[in-house]
Amino acid sequence: MPFMVYINFADLFGAEQLCKIYLMQAGFTEVHIEKRKLFSQQMLEDEQLLLTDPALKEALESGYMIRMFDEEDELH
């Protein structure tokens, strides 16, 4: 199942480990990370970006956000 995980954690390696833990707690047994993206501080402070990407905003507020896609959704 494709998914996107946003994690508000400055260290990329630590963020990947947290991602795996969160997904295993959600019941996934095999976690493979295909792409990584680090947001700049400027992007994280961009109000327009946060308005258009509620998942990113939630991750900043709560620490993480997992967004799963079904086969009909497009993952960009």
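Mentor: One term before we start: helices (H or I, at least four residues) and strands (E, at least two) are DSSP runs, numbered from the N terminus. This is a predicted model, in which local features need pLDDT of at least 70, side-chain atom pairs count only at pLDDT 80 or more, and totals for chains, interfaces and linings use all residues. Residues are numbered from 1 along each chain as its sequence is written, and side-chain values use heavy atoms, leaving out hydrogens and water.
Trainee: Okay, what pattern does the protein follow along the sequence?
Mentor: Reading along, you get β-α-α-α-α-β, with four helices and two strands.
Trainee: And how much of the protein counts as buried?
Mentor: Of its 76 residues, 21%; buried means under 20% relative accessible area, exposed over 50%, and partly exposed in between (1.4 Å probe, protein chains only).
Trainee: Switching topic, where is G63?
Mentor: G63 sits in the loop between α4 (54-62) and β2 (64-68).
Trainee: Is G63 buried or partly exposed?
Mentor: G63 is partly exposed, because its relative accessible area is 23%.
Trainee: Which residues does G63 touch?
Mentor: Leaving aside residues up to four places away in sequence, G63 touches Y6, I7, N8 and E58, where contact means heavy atoms within 4.5 Å.
Trainee: What separates the C-alpha atoms of G63 and Y22?
Mentor: A distance of 11 Å, with the two residues 41 apart along the chain.
Trainee: Last one: what does the C-alpha trace span along its principal axes?
Mentor: The trace of the protein spans about 35 × 30 × 20 Å.
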